[in-house]
Each structure stands twice: as C-alpha cells, then as structure tokens.
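Here is a short briefing on one protein model. Look over the sequence and the fold, then read on.

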Amino acid sequence: MVDAARARKIADRIQRIVAEMLDRRVKDPRLGFVTVTDARITADLRDATVYYTVFGSPEEKAGTSAALESAKGLIRSEVGRQTGIRHTPSLTFVFDEVQQNAQHIEELLAQARRSDEEVAQKATGARHAGEADPYKAPRELEEDE
C-alpha cells in the first residue's frame with residue numbers, strides 16, 4: 001500500500017500520459033474528439049480507471065470506446081514505461097457522464113427559475129385573503145377596568 005498523496009500523483013501522471021498518447025500516438029480512425037477528464041488508481045497501484053468524454057454523436061462515442069479498448073495494451077505499456085512503477089496497473093476506460101449530469105442540473109435550474117418567475121408574476125396583483133395584518137393586536141386596558 002502506498003500513501004494517498006503518491007497514489008494521486010501517479011494517477012495524475014497516468015492521466016497526462018493517456019491524454020498525450022491519444023493525441024499523438026494512437027491513430028485509430030474510430031477515435032473521436034476525446035478529453036481525458038480524470039484518472040484514479042487503487043491504493044495498491046494495480047488498477048487504474050481513466051475517465052473520458054467524447055464530443056459527438058452516440059455512434060462516435062461507441063467508436064471511441066472500441067478504439068480505446070483496442071489501444072489499451074499500447075497505452076498500458078507506455079504508462080508502465082513512463083511511470084517506472086514495479087507493476088504496471090491495468091487500465092479501465094470509463095465514459096464520464098459529468099457533462100450530461102451538469103446539463104440536466106442546468107435544465108432543472110432553468111425550469112425552477114421559470115416557475116419562480118410565473119409565481120412572482122401572479123403575485124404582483126394579488127391581495128391578502130383576509131386582513132393585511134392577520135395577527136390580532138392585544139387590547140389596551142383602560143384605567144377604568
């Protein structure tokens with residue numbers, strides 16, 4: 001087991017290596033416009049998960065996934081060569097859905113804003129159902145009582 005700081009440094013290094021490999025050395029025509037968003041490695045440095053996003057249609061995303069799987073051996077050997085750790089970690093490529101989740105949240109926030117604007121618009125000409133001050137003021141006692 002290694003400490004978390006070293007594992008994070010190695011994960012960052014793996015992220016840079018994979019991004020560079022996809023940019024310069026992997027020449028698969030199925031590979032779309034890929035961005036490596038994150039890499040995480042287990043505490044024993046045996047397994048690394050690389051998160052990526054693809055700009056394009058679902059067909060391009062599927063093609064990119066297949067291209068990454070076919071280039072996994074080449075990328076893994078380069079990771080082992082550049083990191084210099086004893087056992088080269090196995091690589092797993094995972095499509096990162098952060099962009100879709102963020103877009104969904106933005107849509108929900110926009111819907112909430114529209115709803116708030118409708119409520120505010122309806123409230124502009126509204127009046128209280130009862131008195132303006134629904135709380136009864138205590139009666140002041142007169143000195144005669």
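Two strands count as paired if DSSP finds at least two bridges between them. Helices (H or I, at least four residues) and strands (E, at least two) are DSSP runs, numbered from the N terminus. This is a predicted model: local features need pLDDT of at least 70, side-chain atom pairs count only at pLDDT 80 or more, and totals for chains, interfaces and linings use all residues. Residues are numbered from 1 along each chain as its sequence is written, and side-chain values use heavy atoms, with hydrogens and water left out.

**Strand pairing**

- Strand 1 and strand 2 run antiparallel and share 8 bridges.
- Val 36 has Tyr 52 in strand 2 as its bridge partner.
- The hairpin of strand 1 and strand 2 has 5 residues between the strands. Leu 45 takes a positive phi near 60° there.
- Strand 2 and strand 3 are parallel, joined by 6 bridges.
- Thr 49 has Thr 92 in strand 3 as its bridge partner.
- In a regular strand, side chains alternate between the two faces of the sheet.

**Helix 2**

- Helix 2 covers residues 58–70, which makes 13 residues. The expected span is 1.5 Å times one less than the number of residues.
- Gly 63, Thr 64, Ala 67 and Leu 68 are buried in helix 2. Buried means under 20% relative accessible area, exposed over 50%, and partly exposed in between (1.4 Å probe, protein chains only).
- Seen down the axis of helix 2, the buried residues fall within an arc of 140°, so they line one face of the helix. The arc is that of the directions from the helix axis to the C-beta atoms.
- The face turned away from the buried side carries the exposed residues Pro 58, Glu 59 and Ser 70.
- The buried residues of helix 2 pack against helix 1 (4–24), strand 1 (33–41), strand 2 (47–55), helix 3 (72–83) and strand 3 (90–95).

**Salt bridges**

- The count is 7 salt bridges. Each is a side-chain nitrogen of Lys or Arg within 4 Å of a carboxyl oxygen of Asp or Glu.
- Arg 25 and Glu 78 form one through their side chains (3.1 Å, N to O). Arg 25 lies in the loop between helix 1 and strand 1 and Glu 78 in helix 3, so the pair ties together parts that are 53 residues apart in sequence.
- Arg 25 is partly exposed at 44% relative accessibility, whereas Glu 78 is buried at 8%.
- Asp 28 bridges to Arg 30, with the closest N and O atoms 2.8 Å apart. Asp 28 is buried at 18%, and Arg 30 is partly exposed at 39%.

**Arg 40 and its surroundings**

- Arg 40 sits in strand 1. Its relative accessibility is 48%, so Arg 40 counts as partly exposed.
- The side chains of Arg 40 and Asp 38 meet in a salt bridge (3.1 Å, N to O). Asp 38 is buried at 16%.
- Salt bridges that share partners join Arg 8, Asp 12, Asp 38 and Arg 40 into one network.
- Setting aside residues up to four places away in sequence, Arg 40 touches Arg 8, Ala 11, Asp 47, Ala 48, Thr 49 and Tyr 51. Contact means heavy atoms within 4.5 Å.
- Gln 15 is 25 residues from Arg 40 along the chain, and their C-alpha atoms are separated by 8.5 Å.
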